[in-house]
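Have the sequence and the model open as you read.

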Amino acid sequence: MSYGRNECRIYVGNLPPDIRTKDIQDLFYKFGKVTFVDLKNRRGPPFAFVEFEDPRDAEDAVHARDGYDYDGYRLRVEFPRGGGPGGFRGGRGRGRGPPARRSQYRVLVTGLPPSGSWQDLKDHMREAGDVCFADVFKDGTGVVEFLRYEDMKYAVKKLDDSRFRSHEGEVSYIRVKEDYGGGGGGRSSGGGGRSRSRSYSPRRRGTPTYSPVRRSYSGSRSRSRSRSYN
């Protein structure tokens with residue numbers, strides 16, 4: 001079966017300055033056959049595009065390597081705009097995600113710094129459990145939905161008044177409160193202004209469970225194969 005190039009292509013950012021093409025191949029070979037690595041490191045911070053033979057391998061790589069700690073650098077791994085399953089692109093303020101899996105277990109977050117993105121918020125709240133939706137707004141508020149009730153309760157108990165750090169290094173102390181009127185619809189009360197980023201909707205996976213670098217991520221997917229990545 002032939003696939004479109006964009007379905008098999010992923011973006012890799014926040015790489016160390018001395019990264020080599022072989023290093024990137026070593027990072028991704030275990031997910032499937034890599035057909036091409038395009039490393040851009042002549043001007044500015046290095047980044048790369050990696051192409052797989054199978055789009056399912058590209059999707060595995062995004063789930064496993066986004067947020068991975070590589071030599072002290074937390075990698076950003078995502079599908080380029082218009083690529084990947086359903087044209088999803090994670091990232092700050094670009095494009096729209098796929099239809100998000102929504103949950104009634106929602107918290108409202110206030111006090112986010114101006115540079116705080118939905119991905120930063122997702123990463124922070126993962127300390128409490130599996131996040132199925134996250135969004136942030138221009139007024140420094142955000143919403144996060146968890147798959148499980150107990151994870152939501154843990155977030156309110158442990159992450160309220162916690163230290164939050166954005167990808168740009170801005171630090172603030174955020175407040176986390178349960179949204180009793182939340183649900184699977186759009187924004188609830190408590191957020192203001194237009195959204196500056198899009199939602200996060202993880203594709204549920206079987207085993208593996210990813211840890212400890214990026215807290216934890218677990219779930220189940222319909223794909224028949226399952227793997228563990230280090």
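## Ground rules

This is a predicted model, so to speak: local features need pLDDT of at least 70, side-chain atom pairs count only at pLDDT 80 or more, and totals for chains, interfaces and linings use all residues. Residues are numbered from 1 along each chain as its sequence is written, and side-chain values use heavy atoms, with hydrogens and water left out.

Helices (H or I, at least four residues) and strands (E, at least two) are DSSP runs, numbered from the N terminus. Two strands count as paired if DSSP finds at least two bridges between them.

(Axes are lines fitted to C-alpha atoms, for helices over the stretch in contact, and angles run from 0 to 180 degrees between N-to-C directions.)

Looking at one pair, β2 and β3 (residues 47-52) run antiparallel over 6 bridges, and K40 has F47 in β3 as its bridge partner. Contact here means heavy atoms within 4.5 Å.

## The five-stranded sheet

The other open sheet is built from 5 strands in the order β8-β9-β7-β11-β10, with antiparallel pairing. Its edge strands are β8 (131-136) and β10 (162-165), each pairing on one side only. The twist averages 30° from one strand to the next.

Helix α3 (residues 118-125) lies across β7 (105-110), β8, β9 (142-146), β10 and β11, at about 140° to β8. Helix α4 (residues 149-159) lies across β7, β9, β10 and β11, running at about 135° to β11.

## Salt bridges

A salt bridge here is a side-chain nitrogen of Lys or Arg within 4 Å of a carboxyl oxygen of Asp or Glu, and by this rule the count comes to 18. One of them joins K33 to E53, with the closest N and O atoms 3.7 Å apart. K33 sits in the loop between α1 and β2 and E53 in the loop between β3 and α2, 20 residues apart. K33 is exposed at 52% relative accessible area, while E53 is partly exposed at 48%. (Buried means under 20% relative accessible area, exposed over 50%, partly exposed in between, using a 1.4 Å probe and protein chains only.)

D66 and K122 also form a salt bridge, closest N and O atoms 3.7 Å apart. D66 is in the loop between α2 and β4 (69-70) and K122 is in helix α3, so the pair ties together parts 56 residues apart in sequence. Both D66 and K122 are buried.

D160 and K177 meet at 3.5 Å, N to O. D160 lies in the loop between α4 and β10 and K177 in strand β11, so parts 17 residues apart in sequence are tied together. Finally, salt bridges that share partners join R74, R76, D120 and D123 into one network.
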